[in-house]
Amino acid sequence: MQFSIPLQQGKLVKRYKRFLADILLPSGELVTAHCANSGSMLSLIYPEGPAAISRSLNPDRKLPYTLEMLQVGNHWVGVNTQWPNVLAAEAIAKNLIPGLDGYTTIRREVKYGLNSRIDLLLEHPGRPLTYVEVKNVTTKRDTPAAEFPDAVTARGVKHLQELMLMRREGHRAAMLYIVQRSDCSYFTMADDIDPLYGKVLRQAIKEGVEIFVHQCIVSPEGIEVDRPLDVRLL
């Protein structure tokens, strides 16, 4: 996925009210950007840390700027949660995710389960329906691990329960974690942040829900799904 309009770079002044971030541009202008991320953004917020923002061409938008990524050390980290579903669909369509390849149809936001919508529904003649829930991963703390979640997520638990229901009905179900950073060696659960999510994920695995984790190459020019990461759960 390439950005059609080059991102502007600046420095993060602060993130506040969850969905707002003030960015200082090299010109000295201070702009407020929409932060499309409801999580805590743990391990990403550093005063005056490098930031990259996009600008919408829609003149009716209240906030024309969107916070796209933050730089941590020498690595850019994608924080815009609208992109993982796009990245996942693109990678699956290009057969870049072994185990989720070879499908002729990819549908997005299909109603299923108990009043939910699945991120991606994969279909192919002669194969079971495959329900894929996509999650954005950005957290990396004091180990080489990419960790999920970065905040308590009742919604994430609900999605796991829905996937287990699909498995019981004879369908294939999978969690696809898109790690929007390239400096991790493996993937694990942040059980100290949300022990219930980790517990339900382990139960889902026992019931046949498959787990896929892919790391991305992130830069102000674009974001590309790259190599898989090992999953390590205690």
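**Close-up views of a predicted model**

Ring pairs link Phe148, Tyr177, Phe187 and Tyr197 into a cluster. Rings of Phe, Tyr and Trp (its six-membered ring) pair if their centres lie within 6.5 Å; planes under 30 degrees apart count as stacked, over 60 as edge-to-face and the rest as tilted. The model is predicted: local features need pLDDT of at least 70, side-chain atom pairs count only at pLDDT 80 or more, and totals for chains, interfaces and linings use all residues. Residues are numbered from 1 along each chain as its sequence is written, and side-chain values use heavy atoms, leaving out hydrogens and water.

View A. Phe148 lies in strand 10 (residues 145-148) and Tyr197 in helix 3 (residues 195-206), so the pair ties together parts 49 residues apart in sequence. Helices (H or I, at least four residues) and strands (E, at least two) are DSSP runs, numbered from the N terminus. Phe148 is buried, at 9% relative accessible area. Tyr197 is buried too, at 0%. Buried means under 20% relative accessible area, exposed over 50%, partly exposed in between (1.4 Å probe, protein chains only).

**View B. Tyr177 and Phe187 form a tilted pair.** Centre to centre they lie 4.7 Å apart, with 35 degrees between the planes. Tyr177 is in strand 11 and Phe187 in strand 12 (residues 186-189). Tyr177 is buried at 0% relative accessibility; Phe187 is buried with a relative accessible area of 0%.

**View C. Two arginines lie over tyrosine faces.** Arg127 is 3.9 Å from the ring centre of Tyr103. Arg232 is 4.0 Å from that of Tyr186. The rule: CZ of Arg or NZ of Lys within 6 Å of the ring centre and within 35 degrees of the ring normal.
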